[in-house]
Amino acid sequence: MLPKWVGGLIAFLYGIAVGSFLNVCICRLPEEQSIVTPPSHCPKCNTRLKGADLIPLFSFLLLRGKCRYCGAPISWRYFTVELITGLLFAATFLRYGLSIDFFAYIAFISVLIVAFVVDMEFLIIPDQVWIVGIIVGIGRDIAHIIAGSDNLIEIPLPFTEIALPMLPSIVGIVLCGGAFYLIAFVSYFAFKPRDEKALAEYEGAMGGGDIKLAAATGAVLGVVPAFASFLIAVFLGTIFGVTLIIAKSLSNKKGMPWRTQIPFGPYMVTGSVMVILLYPQLQALWNAWMQFITPG
């Protein structure tokens, strides 16, 4: 058997290759373009890139962040996405080994990275993200059942003694997606502007992409871990969101803006990745906190 660090290195190399493909998805999905055709090319001079131009991480470094053909600068985002994908794949392997969960989680992490970057830049979460997430979650449950793990959830039917066996992913989709839909429904009316012009442009306090991403998160992580990731997302979103609003108000010198668009997807992604990699540690931290604040 190979040492675990060797497996982690292989996962890292595989991850940076996947990260290169994720960069294509990040560029093309918001524009509703095919991720298959045309082949990779420079967005400035449209020259088709050769194999030597597409080696993950190394091509960017060797070319010093510039196009080989026209000299146009290449965004550091390409290098960063490849590196982070590789590191997360390696970390997931070291956490789960070569298992069903490893393959499910790296697939989900891949689409989460796309959601993170696209939501940051365009304030949208592509539908492909939640669709893949739901497929991965259901597929993971089925794979566990085939492998002999009985992880079905018994859902009692009202007014009967019958319990309906259900995949955890389905329960996660319904409860997590439903919870976010309820929050979006309530917050729509809670923050609804009175000005008619503002009302015409108002789309609600929470985007539909966040609701779908919540459903996909519930499908992959399960209900309790998914809600733990949402709690982390709210905590991070509050800290960074308030900081961003204060920074904007100080730079514009116009006071505190009442309505500011802040993408919530990146915080949901961060919470999900933290739960995937650190759930036992997060549980221990939560238990320690509860003991600290509980009298006696």
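**View 1. The buried residues of helix 5.** Val-129, Gly-133, Ile-134, Val-136, Gly-137, Arg-140, Asp-141 and His-144 are the buried residues of helix 5. Seen down the helix axis, they fall within an arc of 160°, so they line one face of helix 5. The arc is taken over the directions from the helix axis to the C-beta atoms. Buried means under 20% relative accessible area, exposed over 50%, and partly exposed in between, with a 1.4 Å probe and protein chains only. An α-helix has 3.6 residues a turn, so residues three or four places apart point the same way. On the other side of helix 5, Ile-135 and Ile-146 are exposed. The cover over the buried residues includes helix 4 (100–122), helix 6 (168–190) and helix 8 (208–221). Contact here means heavy atoms within 4.5 Å.

The model is predicted: local features need pLDDT of at least 70, side-chain atom pairs count only at pLDDT 80 or more, and totals for chains, interfaces and linings use all residues. Residues are numbered from 1 along each chain as its sequence is written, and side-chain values use heavy atoms, with hydrogens and water left out.

**View 2. Helix 5 from end to end.** Helix 5 covers residues 127–146. At 1.5 Å a residue, its 20 residues should span 28 Å, and the end C-alpha atoms are 29 Å apart, which agrees. The expected span is 1.5 Å times one less than the number of residues. Helices (H or I, at least four residues) and strands (E, at least two) are DSSP runs, numbered from the N terminus. Just after helix 5, Gly-148 takes a positive phi of about 105°. In the loop between helix 4 and helix 5 lies Leu-123. Its phi is near 60°, a positive value in a residue other than glycine. Leu-123 counts as partly exposed, at 40% relative accessibility.

View 3. The structure holds four salt bridges. A salt bridge is a side-chain nitrogen of Lys or Arg within 4 Å of a carboxyl oxygen of Asp or Glu. One of them joins Asp-101 and Arg-140, with the closest N and O atoms 2.7 Å apart. Asp-101 lies in helix 4 and Arg-140 in helix 5, so the pair ties together parts that are 39 residues apart in sequence. Both Asp-101 and Arg-140 are buried. Another salt bridge pairs Lys-212 with Asp-127, at 3.3 Å between the closest N and O atoms. This pair links distant parts of the chain: Lys-212 sits in helix 8 and Asp-127 in helix 5, 85 residues apart. Lys-212 is partly exposed at 33% relative accessible area. Asp-127 also counts as partly exposed, at 38%.

View 4. Arg-68 and Asp-53 meet through their side chains in a salt bridge of 2.6 Å, N to O. Arg-68 lies in the loop between helix 2 and helix 3 (76–96), and Asp-53 in the loop between helix 1 and helix 2, so the pair ties together parts that are 15 residues apart in sequence. Arg-68 counts as partly exposed, at 46% relative accessibility. Asp-53 is buried, at 10%.

**View 5. Backbone geometry between helix 1 and helix 2.** Most residues other than glycine have a negative phi, and most peptide bonds are trans. The peptide bond from Thr-37 to Pro-38 is cis, with omega near -5°. Pro-38 is found in the loop between helix 1 (4–28) and helix 2 (58–62). Glu-32 belongs to the loop between helix 1 and helix 2. Glu-32 is not a glycine, yet has a positive phi of about 55°. Glu-32 counts as exposed, at 76% relative accessibility.

**View 6. A nonpolar surface patch.** Leu-231, Trp-286, Trp-289, Met-290, Phe-292 and Ile-293 form a nonpolar patch on the surface, with about 670 Å² of accessible area together. Patches are made of residues with over 30% relative accessible area and no salt bridge: like charges are joined within 9 Å, nonpolar side chains (Val, Leu, Ile, Met, Phe, Trp, Tyr) within 5 Å. Areas come from the Shrake-Rupley method with a 1.4 Å probe; for residues, only the protein chains shown count as cover. Helix 10 (residues 265–293) gives the largest share of the patch, five residues. Trp-289 is in helix 10. Trp-289 is partly exposed, with a relative accessible area of 45%.
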